[in-house]
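Subject: Handover of a structure and the findings on it

Dear colleague,

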Amino acid sequence: MEISPYLIVQRLIIQGAIKQYTAKFEEGLNLVWGDMDSGKSSILNLIDYCLGGKNDNLLYGEMKANGRIVFLEVSLNGKVFTFERDILSASSPIRLYTGFFEERSTHFPLLLAASPEDDSAPDGWISDFILEHLGIARVSIKESRIREDSSSDRLSFRDLMKLMYLKQTRVGSDALLNYQSPAVFNKNVEIQKFVFNIYDDKLTGLQSELARESAEYNELEKNERFIKKFLGDVKIDVNNFESVREEAENYEARMAELDDGLRDLKEDFVLSNDVGAEISNAIKGIRIEVNGIDARLKEIDSQYGNYAKLSNTYRFDIDALKLSKISRSIISVNRSKNDHIPCPLCQTEIEVTSPAIDDIDIDNQLRSLKNRNAGIQTVLTELRDEQKKLISQKEKLQRTLTEASRSFDENNLASISPLLTSIQAIEDARSLLKITLAEAERNLSIYNKFVDIGTKLEVKSLMIEKLRRAIKIIRDGLIGLDAVIDELTGLFSLHLQKSGLQKVHDVFLDKKFIGYFRGISYYNTSSGGVRTITSIALFVTRLQYLLKHACNLPTFLMIDTPGQNIGRHRSDDDNTEVSDPKLYENIFNQIVSVVNNSAKEGRKCQIIIVDNDLPDSLKDGDNFHLVKRFSKQGGKYEKGLINDA
């Protein structure tokens, strides 16, 4: 049975300047709940940005300071892709990898343009890629089916995103779906007709699209044959993909083993090096101590020599003075007055008649010289004792130094040198394996490219079948606008009846898919609360229809702050049967019901909602996946999307 396409967001990863910020999603209902201004809406804006949107709402302080690249891992009709986009540069190409975030290295990325005007990206426009893999034809959409001079544009994924992303500024807004711009609004009406398989005058366009898709299919088949031949030439068996993957995985495992071994050896080397460093430091300490002793011994030698010379001088003076006293007694008094005799101290010739020093003065001088000499002898003895002690200490240190040097050499020979040899051997093996691994990864990437072409052929084949079915619908007149409007009206009316609003009557959709409540157009309704509930009902009604029929829109929905314009907390004196908090509860109850019904029917869908509060009915957490819970107070919750700002 043919079903509507589906888009499931799996992970959003922000690569920051310092760390990664990750949000995980699941199929079904996903909630981002938390305080205002904590980055909740940025999660939806980043998803939209990765799918080709703008970054106007992302260039705020924390994101500019901490965000660099955003990755979106998403499933398109069951095929997983990872989109990579520069947060701060919307004009840079979008890199797209086949597979999960961790598998990027095994695939050649596509470089896609974010804008149809950008022809610099070699692999085309991101919108075309997404539509192709969702199986949605890229038909031309006219602004008006009635006016002959109205312009037409080729359908883009951005056109469809308006029907899947109810932004905070659009919840309950009178500018919903560009109503204030008639030309754009009319185009949106035509897009919705295409979504619901109401083709009107699109037969020629569908036939042209079928011809184009068929031509692209033939070209892909040619490329597949070319790559298959190339893979055969390089001995890669295209029928045994697992051997290519296993080869790469074996090389990766071997590389991991080498890395582990290298890490262990380096740890041992560091340990051995630490032991060697301790011994080396000890040797250095001993050598410094020996050098200090040598310096002191040299100083002692110098001091000892100086003091010995001074002692000799004192002894000479003592002997001279003693000789002088003896000389006085033997010098004849009858000698001529002009006779000269040598001075006993300095040997200078002096006259016999020169004045003589008293004996008592000579005795005093002798005692002084003897005292000085005795002091010098004491110093000389102390210096000699210190010298002997230092020489003994030096001999012990030299023996220790010899032993430490021997231990250091043995440590190097026994541990460090073999470790260095082993480390070098592993580094060499690692280098060779790295080359082999690079070749295996290249082969795997080439093979993945071959597989990607096969996937594209499957996508093209399904697209061709859908176009043929659409052409048959037009020719057979199987689906008309009135029938679609009637069914949408029934779903929309039931939704509002369960909303908790009072006086529910005259509820319907007109042929421009505008909702009416109490006979009043959505755009003419004055109540902000009613418009909020009605706008959400329109989007959920569309999703319900998609889940029941094979249409041209993914079963995906994002809603930003559905609780605005609705009181979410009952006051103590509120005894009314239907209160604003009840309306808020009912919004989520009906969304949960849609998700549960889709699961029962085996249909895939995803709804992502951002809000400041959580309804009481969901606080048990059984009916939804909590993506993030933000609290500016911190504690057990993250403070915001950029949680370290």
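In this predicted model, five strands form an open sheet with parallel pairing, in the order E10-E16-E17-E3-E18. Strands here are DSSP runs of type E with at least two residues, helices are runs of type H or I with at least four residues, and both are numbered from the N terminus. Two strands count as paired if DSSP finds at least two bridges between them. At the edges stand strand E10 (165-166) and strand E18 (625-630), each of which pairs on one side only. Within the sheet, strand E16 (residues 556-560) and strand E17 (residues 606-611) run parallel and share five bridges. Phe556 stands opposite Gln606 in E17.

Helix H1 packs on this sheet, touching strand E3 (28-34), E10, E16, E17 and E18. Its direction makes about 145° with that of E17. Helix H11 (residues 580-600) also packs on the sheet, where it touches E3, E16 and E17, and its direction makes about 160° with that of E17. Contact means heavy atoms within 4.5 Å. The angles, from 0 to 180 degrees, are taken between N-to-C directions, with axes fitted as lines to C-alpha atoms and, for helices, over the stretch in contact.

Residues are numbered from 1 along each chain as its sequence is written, and side-chain values use heavy atoms, with hydrogens and water left out. As the model is predicted, local features need pLDDT of at least 70 and side-chain atom pairs count only at pLDDT 80 or more, while totals for chains, interfaces and linings use all residues.

How many residues of H1 are buried? The count is 11 of its 11 residues, where buried means under 20% relative accessible area, exposed over 50%, and partly exposed in between, for a 1.4 Å probe and protein chains only. Among the buried residues of H1 are Lys40, Asn45, Asp48 and Cys50. After H1 comes Gly52, which has a positive phi, near 105°.

Glu585 is buried, with a relative accessible area of 13%. Leaving aside residues up to four places away in sequence, Glu585 touches Pro615, Asp616 and Ser617. The C-alpha atoms of Glu585 and Ser617 are separated by 6.9 Å, although the two residues are 32 residues apart along the chain.

The largest pocket holds about 960 Å³ of space. On a 1 Å grid over the protein atoms alone, a pocket is an open set of points with protein on both sides within 12 Å along at least five of seven lines, whereas a cavity is a set of points where a 1.4 Å probe fits but cannot get out; lining residues have an atom within 4 Å of a point. Grid points are joined across faces, edges and corners, and a volume is the space filled by probe spheres set on the points. The pocket has 35 lining residues, with Lys54, Arg158, Asp159, Lys162 and Lys167 nearest its centre. H1 (40-50), strand E9 (152-154), helix H4 (157-161) and helix H5 (182-195) each supply at least two residues of this lining, and the largest share, four residues, comes from H5.

There are six cavities of 30 Å³ or more. The largest cavity contains about 140 Å³ of space. Its lining has 15 residues, and those nearest its centre are Thr98, Leu110, Lys449, Asp452 and Lys456. Helix H8 (359-476) is one of the elements that supply at least two lining residues, and H8 gives the most, with six.

A second open sheet has three strands in the order E13-E14-E15, with antiparallel pairing. Strand E13 (508-509) and strand E15 (520-521) are at its edges with a single partner strand each, so one side of each is left without a neighbour in the sheet. Strand E14 (residues 515-517) and E15 run antiparallel and are joined by two bridges, and Tyr516 stands opposite Ser521 in E15.

Lastly, strand E1 (residues 7-16) and E2 run antiparallel, joined by five bridges, and a hairpin of three residues connects them. The bridge partner of Leu12 in E2 is Ala23. In strand E2 (residues 20-24), Tyr21 and Ala23 form a covered face, while Gln20, Thr22 and Lys24 form an uncovered one. In a regular strand the side chains alternate between the two faces of the sheet.

Yours sincerely
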